[in-house]
There are 2 protein chains.
Amino acid sequence: MKHALLVGTDVVDEKSIRTLSKYSKVYKLVDLTEDRLDEVLPSVDCLVVFSWPRQLTSERLQQMTGLRFIQSILAGVNHVPFATLSKDVVVSSNAGAYSAEVAEYAWALLLSAAKRVVELHVALREQRWNLKRTLDEGSEITVLREKIVGILGYGGIGSVVGRIAPGFGMQVYAYSRRKSAAKGVKFFTGTNGLTELLKKSNAVVIALPLTSETARIMNAERLSKMKKDGILVNVARGELVDEKAVYEHLVANPNFRYATDVWWYRESRESLQTDYPLLSLPNFIGTPHVSGPSGLATGRPVQLAVENTIRYLRGLRPRNIVNPEEYKTSYPY
Amino acid sequence: MKHALLVGTDVVDEKSIRTLSKYSKVYKLVDLTEDRLDEVLPSVDCLVVFSWPRQLTSERLQQMTGLRFIQSILAGVNHVPFATLSKDVVVSSNAGAYSAEVAEYAWALLLSAAKRVVELHVALREQRWNLKRTLDEGSEITVLREKIVGILGYGGIGSVVGRIAPGFGMQVYAYSRRKSAAKGVKFFTGTNGLTELLKKSNAVVIALPLTSETARIMNAERLSKMKKDGILVNVARGELVDEKAVYEHLVANPNFRYATDVWWYRESRESLQTDYPLLSLPNFIGTPHVSGPSGLATGRPVQLAVENTIRYLRGLRPRNIVNPEEYKTSYPY
């Protein structure tokens, strides 16, 4: 058998491991001692990871001289250490594998923010509300009908977010790298296009990959382009938004809302620790990156990653190959 | 001028009052002293109310011998004291006036419950979460795609709730009094039909009017028909659900969720006070009846109520006339 595959995560089920074994020798990282790992590394040509395994330090990566293909089970590949990677290595994302679940989550956050569900529930629980206030402040609820949802990144997740919008009577604006087309969607490209979308949208959903170009794309200047009572939703990566800028923007604009399922990095890994007390603000909603795991539970992301890995093992061109040039900078950006 | 109209609420704007004045003498309840009110009551043939005015006691209602038409600005008419009302009086609801806003709110509650947004946000805020738990418990997030949403009542609000479902890849089941038809919707009628819908639906949205027949329709037996990890959403009236039954059901079934914007009655009026500590449960979401006021803020409900009142004043048949037989019992049901 000419291939040697290292599975660097325990999210791949046994049935999938057996399927992969038909095409390659398969090692599971969890089964290998440190010494055995060092022994097999030079022979490994194919690597399947969820997030990047801590054991695969840059020293060990340099021993992997035979490595040719990396498949990510996470949708994004920003966790892959491109800077230490040989140019011969092809990296595939798992784009689209979580689209339905993450798009549903984006709408959950958008609607929770628009309808102030978290804030009002907490106010009731703390007995800080009465029905008189409801009548006085009912107008603070954002009605979505006939409003505009702007979507940053119109790939797997973004396009599913967009397809839900017409049911709510909302128009879809989309920001994408290339001029694209989809029924009922108005596309914007380039820096000026992004600014125009931010100015006109009532709610903005971030569904971009985290690359050198997109890191901190929502900085203080771009936040200031959004409507004062706008809603920003992030289901992609925390690092796409500047933490200090969004905290200060929320404090200065109490009707602006930021709802996120994804968090900033500490030591190259996502962390629930923040530098600013976002969770103390009534106009912030945070959930602990559960949208992806809810997709993982369906089995689909592992299935798609395994199918794509088999394409490589059979000598076919894998799908979702990323451009390493877009990942040349990494945390802390 | 042959008509005398009493506006029993301050939600009708001055422009609407001027429009109504073209067709009728108009009295505003807020402008009348108690004595003056007693003086004009016998001449009033037309009454426009939001919720039922406290001044219009059953004694005063009996003095309103000329009353022929009541227009509600609230969508529902369960607040109208039908038992004290002469059979000559025609009552119109404001059905459909809040459909878009209340349907949006229903989806906000459904998604908040499915994605555990409130529970997870509070857990983060209280530092009771870490990303390890996310991976372990990600499967506790309900994915809506390819699931069934059951809608109780397929009128103004219910049908808008239904039209949003296909965007999420959900199938729509609807319970209605009469066998009806709508594209892609499976209809259920009668007690057995309701049971079947409850058994098969993953989420159920209550969008029924509160009548003698529908009060406490979601009792202990019907709740027990729902899936153990089902979601119940109420944007109609609190009294459609039995409070004790839903509290006990939530305690016994931690994966079941009840999300409501509407509350039970105390002394014939909605109250945020509950008999059971629902707000202490992680699988309960409550908001203080804000969906209606968010609709009211658009101006549409007042506009529609005024248009319908003008139909009466011009001698045309008003729309949305309700059947008083359906309201023969009232709180406490």
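Reader: What is the mean pLDDT of chain A, and what share of its residues reach 70 or more?
Author: This is a predicted model. The mean pLDDT of chain A is 94, on a scale from 0 to 100. 98% of the residues of chain A reach 70 or more.

Reader: Which scores does the model have as a whole?
Author: ipTM is 0.92 and pTM is 0.93.

Reader: How do you know that chain A touches chain B?
Author: Contact requires C-beta atoms within 7 Å. 48 residues of chain A are in contact with 48 residues of chain B, so the two chains touch by that cut-off.

Reader: Which elements of chain A give two or more residues to that side?
Author: They are α4 (99-114), α5 (117-125), α6 (131-137), α7 (156-164), β14 (284-286) and α11 (291-296) of chain A. α4(A) gives the most, with 10 residues.

Reader: What makes a residue on this side count as nonpolar, and how many do?
Author: The class follows residue type: Ala, Val and Leu are among the nonpolar ones. On the side of chain A that touches chain B, 28 residues are nonpolar, 13 polar and seven charged.

Reader: Where do the domains of chain A lie?
Author: The domain assignment gives domain 1 as 4-97 + 296-327. Domain 2 is 99-291. Their centres, taken over C-alpha atoms, are 32 Å apart.

Reader: How do you know that domain 1 of chain A touches domain 2 of chain A?
Author: The cut-off is again 7 Å between C-beta atoms. Seven residues of domain 1 are in contact with 10 residues of domain 2, so these domains touch. The domain 1 side has two nonpolar, four polar and one charged residues.

Key. Residues numbered from 1 in each chain as written. Chains lettered and ligands numbered in written order. Predicted model: local features only at pLDDT ≥ 70, side-chain atom pairs only at ≥ 80, totals over all residues. Helix = DSSP H or I, 4+ residues; strand = E, 2+ residues; numbered from the N terminus. Domains from an automatic or database assignment. pLDDT = per-residue confidence, 0-100.
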